[in-house]
Amino acid sequence: MNIRDTNLGYFNHQAAETYPEKTALIDLSRKPDHHVTHGELNLRMDAVAAMLTQMGMAPGDHLLLAMGNRFEFIEIFFGAMRAGIIPIPLNIKLGADTIEFIIQDSDCRGAVIEPDCHPQIVDVIERHNLDTLIAVDPVPPGWHQYDDALSEADRKSFLPNPVQPGQIAFLPYTSGSTGRPKGVLLSHEGMLWGIKSAQQYWPCKPTERTLVAGPLFHKNAMRVSIKPKLYAGASAVILPRFEPRMMLQALSDYECTDTGGVPAMYRMMLAEEELLASLKFPKLECLEMGSAVVGAELLNAVEKAFGADVEEAYGLTEGGGPLRSPLDGRPVPRGSCGVPAPEVSVKMVGEDGKENDTHGEFWVKSPAVLAGYNNRPDLNEERLTDGWLHTGDIFRKDEEGFYFFMGRIDDQFSCGGENIYPKEVELLLVQHPDIIDAVVMPIAHDVKGLAPAALVTVRPGSNCSEDSIKAFTLEHGAAYAHPRRVFIIDALPVGGTGKVDRPAAKKIIEDSITADQP
């Protein structure tokens, strides 16, 4: 077998040989936008591997990658893997203390950064005396300038090393809802299996073009957009960040066939009614939506506005995308993430630790499941059992075999003896015609012990109030689950991945309640 066929860093090399002059990436982080062909991208990935090797980094070394959305992120990420170096795609929204922990926990040897991506990134890295320091402009004193170092690398002298079974390809850190970040060890063979399996069963065509608005450091952007498109010889448009008008214009101008995002992004785009009505999306076929509360009304509104199908998605950093649309062509019901993908095993486990066919914690087993958590034998014991990943997510399954995400185990709480999943209340709230987005958290209650409270964002010009929103939930939902307090704010707190920051939301609610008290 060709050495390149077992290394994730070379996942795109066959497409580059087949379509060398075809556009692979369109980077909108600069003006004018920057186009990169498949052939050029492949050569630049080789140059990254040569550059890092010639600077003294060795297979197995860890490399911090801290950048916003720009094409260099992709070539560095995969180019490092070509040299057997393990990139750590950093969530650049994290605080300095957390970045410090990641550098220490991963035992980084080097870093490639965009200095402007984080106000403290240079200072934090320099405190650790890493051997290899590379930066795009503006370059800090004593650092290598990225473009210069890349051009000086002797690409032709670099030879890849064979990848060993189980060898780690990259090391993302996921913080979840609480606690210190967890390093997720993902193998070359598992990630390549995921790419090839998706192409086998849900093939991407070379004519497709995706739009990436979420952060490249998040595995969702790579798994859903970048890897399938570059593997098939298709293309990707990269936005520097999400902004509703910018995303709408790019979808139209670049004739994209698909994109993805969290529900709040779609709600914000739908609110741009005048611009939306003026644009055409002639090639748009599919819109992926996930990572947060999704209601049927939102799905219907998005499909009508864009003239494209919406797919509700479920994926994990630790376990890939285990649920997909059925191969037999059956439509996926509203609210469902689909059925188990081929070659993926799933099961639901109840609170009693026994398998439950209708409801319980979702467990996954496939080649895409992580090899383990970095330096966390306690988590390996807690969350991995004979190759099964305990996801911590609650699902139910209907009679037709479709799976429905209900929420996180950690999010469920009891209100006067009734179990409440915040997602169910959030789904109810976003049915209100004036509410754009919502997050529900438990608060202390004198009688019930805990009760739901909500933060919501509303449409411009809305005159809805806390009382009217509470009345809406009482009319349309279960009385025990209605939010006892509702606070209207300009924007929900979000983390670097675009998901709602639930601990931050809870603090806002608690602070608001305290401020209301005499």
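Does Glu208 count as buried or exposed, and at what relative accessibility? At 11% relative accessibility, Glu208 counts as buried. Here buried stands for under 20% relative accessible area, exposed for over 50%, and partly exposed for the range in between, with a 1.4 Å probe and protein chains only.

The model is predicted: local features need pLDDT of at least 70 and side-chain atom pairs count only at pLDDT 80 or more, whereas totals for chains, interfaces and linings use all residues. Residues are numbered from 1 along each chain as its sequence is written, and side-chain values use heavy atoms, with hydrogens and water left out.

## Salt bridges

A salt bridge is taken as a side-chain nitrogen of Lys or Arg within 4 Å of a carboxyl oxygen of Asp or Glu. The structure holds 26 salt bridges. In general terms, side chains of opposite charge can pair when their charged atoms come close.

| Pair | N to O distance |
|---|---|
| Lys229 and Glu208 | 3.2 Å |
| Glu382 and Arg383 | 3.9 Å |
| Arg502 and Glu426 | 3.0 Å |

Glu208 meets Lys229 in a salt bridge. This pair links distant parts of the chain, 21 residues apart: Lys229 belongs to helix H8, and Glu208 to the loop between helix H7 (188–201) and strand S11 (209–212). Helices (H or I, at least four residues) and strands (E, at least two) are DSSP runs, numbered from the N terminus. Lys229 is buried, its relative accessible area being 5%.

Helix H8 spans residues 219–232 and also contains Ala221, which is buried at 7% relative accessibility.

The salt bridge of Arg502 with Glu426 has its closest N and O atoms 3.0 Å apart. Arg502 lies in helix H16 (residues 502–516) and Glu426 in helix H14 (residues 422–429), so the pair ties together parts that are 76 residues apart in sequence. Arg502 is buried at 16% relative accessibility, and Glu426 is buried at 5% relative accessible area. A further group, consisting of Asp27, Arg30, Arg70, Glu72 and Glu114, is joined into one network by salt bridges that share partners. Arg383, the partner of Glu382, is partly exposed, with a relative accessible area of 21%.

## The parallel sheet

Two strands count as paired if DSSP finds at least two bridges between them.

Strand S3 (residues 62–66) is mostly covered, as 5 of its 5 residues are buried. His62, Leu64 and Ala66 point one way from S3, Leu63 and Leu65 point the other way, and all are buried. S3 pairs with S4 in the parallel sense over 4 bridges, and Leu63 has Pro87 as its bridge partner in S4. S3 is also joined to S5 by 4 bridges, in parallel; there the bridge partner of Leu65 is Val112.

Strand S5 (residues 110–113) runs parallel to strand S6 (residues 132–135), with 4 bridges between them. Gly110 stands opposite Thr132 in S6, and Ala111 has Leu133 as its bridge partner there. Both faces of S5 are covered: Gly110 and Val112 on one side and Ala111 and Ile113 on the other are all buried.

## Loops and backbone features

The loop between S6 and S7 contains Pro138, which is joined to Asp137 by a cis peptide bond with omega about -5°. The peptide bond from Lys31 to Pro32 is also cis, with omega near -5°; Pro32 lies in the loop between strand S1 (23–27) and strand S2 (34–37).

Glu255, a residue other than glycine, has a positive phi near 50°. Glu255 is located in the loop between helix H9 (244–253) and strand S13 (258–261) and is partly exposed at 36% relative accessible area. Asp386 likewise has a positive phi, near 50°. Asp386 is placed in the loop between strand S21 (384–385) and strand S22 (388–397), and is exposed at 70% relative accessible area.
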